[in-house]
Amino acid sequence: MKFSKRQTELKMCIVENDQLLRDSMVMYFRTKGCQVRAFGSAEEASPVLEARPPDIVICDQGLPGMDGMALLSEFGARHPDTVKILIGVRPGPRLTEEAKEAGIDEVLLKPFAVAEIERALERRLRTRFDGGQPTDGTGEASDEELA
């Protein structure tokens with residue numbers, strides 16, 4: 001992902017109960033210059049998200065307690081400009097449909113590569129900063145969109 005100056009100043013929140021995955025994503029995005037906060041549950045993240053809404057929230061679907069879809073849906077209703085990415089575990093059009101109805105921008109499935117998150121962010125940030133058009137949020141993009 002090509003991080004411009006404005007993108008390296010992004011505030012990001014990662015909500016993932018798998019500590020190794022969470023720590024890996026935090027380390028990666030910090031090397032890109034993002035300001036990253038991370039939490040292991042929706043209940044931990046929710047008050048902080050409300051107090052200081054980030055530019056991007058990446059959230060696991062299968063969190064203990066409140067699930068990721070519910071967190072992103074509730075948060076997104078109050079903060080529609082925040083880019084919301086759900087990391088799901090069950091593939092299929094039903095998940096994508098539910099996520100779209102909940103106002104989630106992108107859905108990625110585990111296991112995923114960092115490049116998939118980068119492409120999702122590239123699409124959404126292009127829309128936010130440059131007025132480009134987003135794709136359908138399935139995590140797939142045409143070669144034209146990536147060029």
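Analyst: Two strands pair if DSSP finds at least two bridges between them. This is a predicted model. With that in hand, the strands can be read by their bridges.

User: Which residue is the bridge partner of Val15 in E2?
Analyst: E1 and E2 run parallel and are joined by five bridges. That passes the cut-off of at least two bridges. In E2, Val15 is partnered by Phe39.

User: How many helices and strands does the protein chain have?
Analyst: Along the sequence, the pattern reads α-β-α-β-α-β-α-β-α-β-α-α. The chain's count is seven helices and five strands.

User: What is the order of the strands in the open sheet?
Analyst: The sheet has five strands with parallel pairing. E2 and E5 stand at the edges, each with a single partner strand, so one side of each has no neighbour in the sheet. Neighbouring strands are turned by 15° against each other on average, direction ignored. The order is E2-E1-E3-E4-E5.

User: Which residue of E3 is the bridge partner of Ile14?
Analyst: Strands E1 (residues 11-15) and E3 (residues 56-60) run parallel, joined by four bridges. Cys13 stands opposite Val57 in E3. For Ile14, the partner in E3 is Ile58.

User: Which strands does helix H2 touch?
Analyst: H2 covers residues 19-31 and packs on the sheet. Its direction makes about 175° with that of E2.

User: How many residues of E3 are buried?
Analyst: Both faces of E3 are covered. One side has Ile56, Ile58 and Asp60, the other Val57 and Cys59. E3 is largely enclosed by the rest of the structure, because its buried residues number five of five.

User: And how many residues of E1 are buried?
Analyst: Buried means under 20% relative accessible area. E1 is mostly covered on that basis. Its buried residues number four of five.

User: What share of the chain's residues counts as buried?
Analyst: The chain has 147 residues. Among contacts with a separation of 6 or more, 58% come from residues 24 or more positions apart. The share of residues that count as buried is 44%.

User: How do the axes of H3 and H4 lie, parallel or antiparallel?
Analyst: H3 (residues 42-51) and H4 (residues 68-78) pack with their axes 11 Å apart. The angle is about 5°. Angles under 35 degrees count as roughly parallel. So H3 and H4 are roughly parallel.

User: Which residues of H4 make the contact with H3?
Analyst: By class, this contact of H3 with H4 has four nonpolar, one polar and two charged residues. From H3 come Ala42, Ser46, Leu49 and Glu50. From H4 come Leu71, Phe75 and Arg78.

User: How many salt bridges does a search of the whole structure find?
Analyst: Side chains of opposite charge can pair when their charged atoms come close. The cut-off is within 4 Å, from a side-chain nitrogen of Lys or Arg to a carboxyl oxygen of Asp or Glu. The search finds eight.

User: Lys84 forms a salt bridge with which residue?
Analyst: Lys84 sits in strand E4 (residues 83-88), and its partner is 21 residues away, in the loop between helix H5 (93-101) and strand E5 (106-109). Lys84 counts as buried because its relative accessibility is 2%. The closest N and O atoms are 3.7 Å apart, and the partner is Asp105.

User: Arg94 pairs with Glu98; is Arg94 buried or exposed?
Analyst: The closest N and O atoms of Arg94 and Glu98 are 3.3 Å apart. Both lie in H5, four residues apart, about one turn of the helix. Glu98 is partly exposed at 21%. Arg94 has 52% relative accessibility, so Arg94 counts as exposed.

User: What is the N to O distance between Glu106 and Arg124?
Analyst: Glu106, at 0% relative accessibility, counts as buried. Arg124 is buried too, at 11%. Their side chains meet in a salt bridge, N to O, at 3.0 Å.

How values were computed
Residues are numbered from 1 along each chain as its sequence is written. This is a predicted model: local features need pLDDT of at least 70, side-chain atom pairs count only at pLDDT 80 or more; totals for chains, interfaces and linings use all residues. Side-chain values use heavy atoms; hydrogens and water are left out. Helices (H or I, at least four residues) and strands (E, at least two) are DSSP runs, numbered from the N terminus. Buried means under 20% relative accessible area, exposed over 50%, partly exposed in between (1.4 Å probe, protein chains only). Axes are lines fitted to C-alpha atoms, for helices over the stretch in contact, and angles run from 0 to 180 degrees between N-to-C directions. Angles under 35 degrees count as roughly parallel, over 145 as roughly antiparallel, 65 to 115 as roughly perpendicular and the rest as oblique. Contact means heavy atoms within 4.5 Å. Ala, Val, Leu, Ile, Met, Phe, Trp, Tyr, Cys and Pro count as nonpolar, Asp, Glu, Lys and Arg as charged, and the others, Gly among them, as polar.
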